[in-house]
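Biologist: I would like to learn how to read the features of a model one at a time, with the general idea given before the particular case. Could we begin with the way helices pack?

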Amino acid sequence: DGDDTTTTAAAADAAVATTAAAAQRDALTLDADGEDRVDVVAAAAASCSYYRLYVAYRCAWLAAVFTPVLATAPLALLAARLGAGGAVDVWATLALRAVERAGPLWVKLGQWAATRPDIFPLRVCATLSQLHTNCPAHAFAHTKATVEGAYGGAPLHELFVAFDTSPLASGCIAQVHRATVRSDGADVVVKVVHPYVALQTASDLALLSAAAARIDAWLPRSRFVSAFEAVHEFAAIVRRQVDMRIEAQNAKAFAEAFRATTNVVVPELHPSLSPRRSVLVESYEKGELLTNFLARCRDVGDERDLRHVPRDVRCAVAALGIDVYLRMLLTLNCVHTDLHPGNILVRYDDDDGGSSSSSDSSSSSS
């Protein structure tokens, strides 16, 4: 037992050190002019001697945030079995607020949970689905400073004719604003990463890695499905999502893969405003969020109601979704790994009654 404890502690320490090193590596970036630029927040979090202290602070904070949720979970489960929907809704709202306060990594997990009614009660999934597009938004002052800093300090009004101060949507990593580019009049959305995302993500991944290492040590059978390896893969995905330049590369690859598919639209990158680490400019795409579309399918059964979705339209959207998913999985070798309903738009074709979808759409924010 003593050896297991020592090994586990060493693995946990290694997890913290590895995550810190990854954060430091990701913080040092190369901008468009070829000059090294340091993301001060992430670099400080990864390299300074107080990094472990910050991780300890995050551990205490997360414990305070999630303790009420975990303590009342058995009561919520009992209420669900007894059919007390109101009590379940109260608990789901408590969980939603806790996830929002916990930070971007936990919002990402909440978004995943919202898509799993096979694991969680439907009422809980419905409440957590708000995380797909309505995560806490940051102040416009941060958006303005980030965009201006990303493009050489040029004032916002020199880059855009119009720029909405209120975000179209806000996700766990970033939020999006609609704007009009001054140079060519293009209708675009500007995606801006939330403040301190790199800092919180690095520390929380260190905590998850340490916890996963202990789980693997305490549960020998888990060696066949390693919690630590699962967190390691999750960490790699999250770190890539924080960098908008990587997202831009993925968008290009995804657009190329579906270039011959007329009913799948991928937003285009704006040619004159190249992606930066914290800013991405894409074409604005019209459509209805799949989240809203599914809500109408579920809640509006009266065919006389203008919000009613006809059966043929529902079938067309479902068939298109299955076709796209299987094509990604089996033939294209290019899989979108964040296809929650907040990242898909449904757009109707008035000419033939069909429908098209826009993936990772301009109204989403991941």
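Modeller: We can, keeping in mind that this is a predicted model. For a pair of helices one looks at the approach of the axes and at the crossing angle, and here the axes of helix 3 (residues 51-82) and helix 9 (residues 197-218) come within 9 Å and cross at roughly 80°. Since angles of 65 to 115 degrees count as roughly perpendicular, helix 3 and helix 9 are therefore roughly perpendicular to each other.

Biologist: Which residues of helix 3 and helix 9 make the contact?

Modeller: Helix 3 contributes Tyr51, Tyr54, Val55, Arg58, Cys59 and Leu62, while helix 9 contributes Leu199, Gln200, Ala202, Ser203, Asp204, Ala206 and Leu207. Sorted by class, the residues of this contact of helix 3 with helix 9 are nine nonpolar, two polar and two charged. The general idea that helps in reading such a list is that an α-helix has 3.6 residues a turn, so residues three or four places apart point the same way.

Biologist: At what angle do helix 5 and helix 9 cross?

Modeller: The axes of helix 5 and helix 9 cross at roughly 70° and come within 8 Å, and these two helices are therefore also roughly perpendicular to each other. Pro104, Leu105 and Trp106 of helix 5 meet Val197, Gln200, Thr201, Asp204, Leu205 and Leu208 of helix 9, a contact that has six nonpolar, two polar and one charged residues.

Biologist: What backbone value does Tyr196 show, and is Tyr196 buried or exposed?

Modeller: Phi of Tyr196 is near 65°, a positive value in a residue other than glycine, and Tyr196 lies in the loop between strand 6 and helix 9. Exposure is read from the relative accessible area, with values over 50% counting as exposed; because the relative accessibility of Tyr196 is 52%, Tyr196 counts as exposed. There is also a glycine with a positive phi, namely Gly152, which takes a value of about 70° just after helix 7.

Biologist: Which residues of helix 7 are buried?

Modeller: In helix 7 (residues 140-150) the buried residues are Thr143, Thr146, Val147, Glu148 and Ala150. To read such a set, one asks what it packs against, and in this case the partners are helix 8 (156-159), strand 3 (160-163), strand 5 (174-181), strand 6 (187-193) and strand 8 (279-283).

Biologist: Where does Phe120 lie?

Modeller: Phe120 lies in the loop between helix 5 and helix 6, and Phe120 is partly exposed, with a relative accessible area of 29%. Beyond its neighbours within four places in sequence, Phe120 is in contact with Trp112, Ala113 and Cys125.

Biologist: How much space lies in the largest pocket, and which residues are the closest to its centre?

Modeller: About 860 Å³ of space lies in the largest pocket, and of the 30 residues that line it, the closest to its centre are Gln111, Thr115, His132, His340 and Pro341. The elements that give two or more residues to this lining are helix 5 (104-114), helix 6 (122-128), helix 10 (227-242) and helix 12 (290-299), and helix 12 gives the largest share, seven residues. By class, the lining of the largest pocket has 16 nonpolar, nine polar and five charged residues.

Definitions and conventions
Residues numbered from 1 in each chain as written. Predicted model: local features only at pLDDT ≥ 70, side-chain atom pairs only at ≥ 80, totals over all residues. Heavy atoms only, no water. 1 Å grid on protein atoms, 1.4 Å probe; cavity = no way out; pocket = protein on both sides within 12 Å on 5 of 7 lines; lining within 4 Å. Points joined across faces, edges and corners; volume = space filled by probe spheres on them. Helix = DSSP H or I, 4+ residues; strand = E, 2+ residues; numbered from the N terminus. Nonpolar A, V, L, I, M, F, W, Y, C, P; charged D, E, K, R; others polar. Buried < 20%, exposed > 50% of the residue type's maximum accessible area, 1.4 Å probe, protein only. Contact = heavy atoms within 4.5 Å. Axes fitted to C-alpha atoms, helices over the stretch in contact; angles between N-to-C directions. Parallel < 35°, antiparallel > 145°, perpendicular 65-115°, else oblique.
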